[in-house]
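Please examine the sequence and the three-dimensional model shown below. The report that accompanies them is arranged by topic.

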Amino acid sequence: MSSTEGASRRTAPGAPLVVAAGATATALGVQQTYITVCAAGGALTLRFGDSTVGAAQTTDWPLAEGEKESFYIGYSTAYVSIQGVGSLKVVVG
C-alpha cells in the first residue's frame, strides 16, 4: 500500500545527483527550490555558494554519515563543495 497524501503537490523524486567528496564548485543544476541531501560512505562537510565557491573547510556545514538535511537553493547557492569521505546524494524536492 502506498500513501497518496499530498500527491497532488509533490512530484516523484528522480535519480539522485551524486557528488564525490573532494569536489569543489559542483553545479547542483537547480535554483529556487529545496533539496534533500544525505551523506553516504562517511561524514562530510558542505559549503554552498556560487560558481566561485571555494573548497569546503572543517568549519563549514557538517553532515554525519547517513544524516539527511534539507536546504533551500537560491541563485547564490546553486553550487556545492564537499570535504570528507564518501559522497553526497542530492534529491530535488
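The sections below cover the basis of the model, its strands, its core and selected residues.

## Basis of the model

This is a predicted model, in which local features need pLDDT of at least 70 and side-chain atom pairs count only at pLDDT 80 or more, whereas totals for chains, interfaces and linings use all residues. Residues are numbered from 1 along each chain as its sequence is written, and side-chain values use heavy atoms, with hydrogens and water left out.

## Overall composition

The protein has zero helices and eight strands; here helices (H or I, at least four residues) and strands (E, at least two) are DSSP runs, numbered from the N terminus. Along the sequence the pattern is β-β-β-β-β-β-β-β.

Of the 93 residues, 30% count as buried, a term that means under 20% relative accessible area, with exposed meaning over 50% and partly exposed in between (1.4 Å probe, protein chains only). The protein exposes about 5700 Å², of which carbon and sulfur atoms supply 53%; accessible areas come from the Shrake-Rupley method with a 1.4 Å probe, and for residues only the protein chains shown count as cover. Contact means heavy atoms within 4.5 Å. Among contacts between residues at least 6 apart in sequence, 80% join residues at least 24 apart.

## The four-stranded sheet

An open sheet is formed by four strands in the order E2-E7-E4-E5, with antiparallel pairing. Strands E2 (26–27) and E5 (61–63) stand at the edges with a single partner strand each, so one side of each is left without a neighbour in the sheet. Two strands pair if DSSP finds at least two bridges between them. Strands of a sheet pair through backbone hydrogen bonds, either parallel or antiparallel.

The pairing of E2 with strand E7 (residues 79–84) runs over two bridges, and Ala27 has Tyr79 in E7 as its bridge partner. Six bridges join E4 and E7, where Phe48 stands opposite Val80 of E7. E4 and E5 are paired over three bridges, and Leu44 stands opposite Leu63 in E5.

## The nonpolar core

A nonpolar core is a set of buried Ala, Val, Leu, Ile, Met, Phe, Trp, Tyr and Cys residues joined through side-chain atoms within 4.5 Å. The largest one has 17 residues, and those with the most contacts inside it are Leu28, Ile35, Val37, Leu46, Ile82 and Leu88. At least two residues of this core come from each of strands E3 (33–40), E4 (44–49), E6 (68–73), E7 and E8 (87–92). E3 supplies the largest share, three residues.

Not counting residues up to four places away in sequence, Leu28 touches Leu17, Ile35, Phe48, Ile73, Thr77, Ala78, Tyr79, Val80 and Val90.

## Selected residues

Most residues other than glycine have a negative phi. Ala25, although not a glycine, has a positive phi of about 55 degrees. Ala25 lies in the loop between strand E1 (17–20) and E2 and counts as partly exposed at 23% relative accessibility. Gln32 also has a positive phi, near 55 degrees. Gln32 is found in the loop between E2 and E3, and its relative accessible area of 45% makes it partly exposed.

Ser87 belongs to strand E8 and is buried, with a relative accessible area of 15%. Beyond residues up to four places away in sequence, Ser87 touches Val18, Val19, Ala20, Ala21, Cys38, Ala39, Ala40 and Leu44.
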